Amino acid sequence: MTIPTAADFAEEPLGTSASTPLADQAGYHVQLMERLASTGRYERPRQTRVFVVANQKGGVGKTTTSVNLAAAMAARGLSVLLIDLDPQGNASTAAAIPHASGTPGTYEVLLDELPIDQAVQTSPDVPGLRVVPATIDLAGAEIELVMLEQRERRLRKAIDTYLAGPGRDVDYVFIDCPPSLGLLTVNAMVAAREVLIPIQCEYYALEGLSQLLGNIELVQQHLNSDLDVSTILLTMHDARTNLSSSVAAEVRGHFGDRVLSTAIPRSVRISEAPGYQQTIITYDPNSTGALSYLEAAREITQRGAAPADQGASS
């Protein structure tokens with residue numbers, strides 16, 4: 001797979017200005033509010049877009065990104081399906097979805113071929129957000145899948161069936177993966193059409209990224225030629241440090257316009273939200289974290305917008 005090396009955006013990306021740190025932090029919040037106010041349309045895609053949110057490195061904001069992008073889009077009127085494929089079930093927790101052992105979820109979808117419409121639940125806080133939960137039962141799925149036919153394509157089959165039937169109104173699908181490159185992640189990559197990679201704005205941010213991209217290339221060659229690394233999202237950005245700006249510049253220089261102009265700030269409020277079984281979108285909708293995910297979600301929808309005569313959601 002060829003990674004683009006285009007120059008940074010001509011327009012200065014959000015969160016990377018060169019003034020004083022405190023001014024940057026305050027200015028970033030104002031920029032987000034102004035941009036959402038002036039261009040806050042969330043466009044419906046031409047057809048359902050299926051994203052896998054992947055990074056085998058833990059602690060980069062992968063689950064946080066999956067949940068909050070999904071909630072941001074759903075809160076603005078789009079129909080979103082979030083599939084929790086991590087046995088820890090953190091995405092299910094943040095969306096306030098019950099996921100005790102035995103609850104129908106992704107384990108049953110993968111192993112027993114339970115239709116998604118029999119496992120999906122609606123978020124009580126964001127009505128447009130549907131979630132297929134993950135339970136601890138999913139922890140053994142990697143081993144159990146090895147012996148099954150079409151083991152890499154079981155999630156794709158389930159999603160395609162759902163989107164052709166009960167889920168035909170779904171605009172976006174986000175699949176949250178475990179921090180590994182095993183069969184669960186492979187299933188997600190085969191099911192998806194686009195890869196969204198969250199990259200932390202710290203040292204070691206690119207550590208292991210070449211391995212992830214190599215695995216994506218193998219999936220493209222042998223299992224899913226339609227898969228595309230379409231979106232890179234910078235997370236845990238701290239405008240007060242030169243380190244964050246340095247890492248952000250390096251990532252933008254390497255991936256070009258695949259990197260969203262919005263960077264997600266390091267935020268205590270974002271970390272607090274799951275403890276209350278909420279996303280940042282509902283926990284503190286006026287926080288910089290919430291505004292950042294709302295703007296990042298808007299950017300993503302703009303990239304796959306339907307023609308104007310098909311309408312839009314605002």
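## Burial and the basis of the model

A residue is called buried when its relative accessible area is under 20%, exposed when over 50% and partly exposed in between, with a 1.4 Å probe and protein chains only; S267, at 16%, is therefore buried. This is a predicted model, in which local features need pLDDT of at least 70 and side-chain atom pairs count only at pLDDT 80 or more, while totals for chains, interfaces and linings use all residues. Residues are numbered from 1 along each chain as its sequence is written, and side-chain values use heavy atoms, with hydrogens and water left out.

## Loops between helices

Helices here are DSSP H or I runs of at least four residues. In the loop between α9 (242-255) and α10, the side chain of S267 reaches the backbone nitrogen of I270 at 3.2 Å.

Most residues other than glycine have a negative phi. A96, however, has a positive phi near 60°; A96 lies in the loop between α3 (90-94) and α4 (106-111) and is buried at 17% relative accessible area. Q277 likewise has a positive phi, near 55°, in the loop between α10 (268-272) and α11 (280-283), but is partly exposed at 43%.

Note on methods: Helices (H or I, at least four residues) and strands (E, at least two) are DSSP runs, numbered from the N terminus. A polar contact is a pair of N or O atoms within 3.5 Å; within protein, one must be able to donate a hydrogen and the other to accept it, and residues adjacent in sequence count only if both atoms are side-chain atoms.
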